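Here is a short briefing on one protein chain. Please look over the sequence and the model before reading on.

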Amino acid sequence: MNIADQYMRVETCYTGEIDNYGYAFVPGSAKGVVLLDKRTKNLLDNLSSFHSGKDEQRLQLLLQNGLIRYCDTPPRSPALNKATIKSMSTWLHITNSCNLDCGYCYIVGKKDKQPMPLSVVKSYLDKLENTIRVHQLESVQIRIAGGEPTMQKKLVAYLAEEVRARFIEKGVRIQLILLTNGTLLNPWWIQLIKSHFMKLCISLDGMEEWHDLQRFFKNGLGSFGKVHQNINLCLEKGIKPNILTTITENNISGISQLGKYLIDSNLPFRLGVYRDNSGNFDGYESFIEKVLDALNDCYNYYACAIRERRATFNHQLADIHLNKRPHLRSCNIGYSGVTVDHTGNVFLCQAGMDRKPIGNLRDQSTLLQMAWSQETLPELREKNVLNYRNCHTCQWALACGGGCPIVNASVNGAADIASPYCKLIKTMIPRLIELKALQFIQKYVTLKNERR
């Protein structure tokens, strides 16, 4: 029997070659990006080239890594399954107050300057405790945000101590993530972050004037100097922050320079694209072209740095995920994640707090039950990216999840339609796969040399 009659390449499998190695990636696969020798890659591209006596092991390698399948076995179609949820995330919006005045900030009701009272923090922890018990969750991510959360030292310290006592010491895995503009970090914060093993995310939108164009203090002065100083403070104290960057029309010309700084500093970073929640996306197609130019320049530099072992690949672009699981949505809203604001209201998403809450901490429902019954974007209740218009046939659907549902709804009038940044996503996924493959090549070559 011809091997090509027995096996077939998985329909969404993507392959490429770089630096005399092959690589492959099936979006949603449990294997992620797979490094291959060129002979195995060529076999994957053309199963008819199978040579009996030479390629049996290669064929098994392709099968074990989920790159090929038996012709008579239908492909599996992943689905959201509430019964299998073992982890969830909460975005804890502890204050509207901020010492900056960023033009693209999505926070509504800024006149309400009151921080989250301790009574609401306690109600949140009680509700989280109940949610973990009812749904038998094993882990939770808690993103502490605002406004500017570092303006609330006592509240964050109290939350961290309570999380340790209520959950961590009882075996529940909790990851605290502090999202900050970075201007108020100091030795006190460094100690708190280290003692509670917090993940630190700092917003940085460019170098010097590019950052200052859109992230400035209320007196109009730019914040770059202070943020850069505190990033260095973190590095000196053994904390490597994750850098969050929002690309807009204002700072796009500075993204290449910023990328080179982050790569040279070997800092993990995420690049997001400006989400205009007013729904005014005039000219976004030309904006995407500018973003593509900036990203290509940045990624060319990244490839050189990886080859020269000056940097390791640790980067995310927008809602693209290359990890080892299917992304049936770009994020977990409406499924395994919620946002809780400073008053105790529960929302579908932090970028949708201008909409009706999906619940309140006083309600009888668990946080997950509130997410499942949400009416903010009702089309999400029964759908995933494999049901989205213009997504269900896309090779990359399970890597991007269809894009941000809030943006999709703002632009298209419904969340279950492909992202307006679809061209950006489709163009950049192959580049990101290539960078990840380069990282694997460097690791493989290093191990090979060490064994000699």
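What distance separates the centres of domain 1 and domain 3, taken over C-alpha atoms? The centres are 35 Å apart. This is a predicted model: local features need pLDDT of at least 70, side-chain atom pairs count only at pLDDT 80 or more, and totals for chains, interfaces and linings use all residues. Residues are numbered from 1 along each chain as its sequence is written, and side-chain values use heavy atoms, with hydrogens and water left out.

**Domains**
- The assignment gives domain 1 (3–76), domain 2 (86–316) and domain 3 (337–419); such bounds come from an automatic or database domain assignment.

**Interface of domain 1 and domain 3**
- Six residues of domain 1 contact four residues of domain 3 (contact: heavy atoms within 4.5 Å).
- The two domains bury about 430 Å² between them, 72% of it on carbon and sulfur atoms (buried area: accessible area, 1.4 Å probe, that two parts lose on being put together, summed over both).
- Thr 12, Tyr 14 and Pro 27 supply 72% of the area that domain 1 buries against domain 3, more than any other three residues.

**Strand pairing**
- Strands β6 (residues 87–93) and β7 (residues 139–145) run parallel, joined by seven bridges (strands are DSSP runs of E, at least two residues, numbered from the N terminus; two strands pair if DSSP finds at least two bridges between them).
- His 93 is opposite Ala 145 in β7.

Technical notes
Helices (H or I, at least four residues) and strands (E, at least two) are DSSP runs, numbered from the N terminus.
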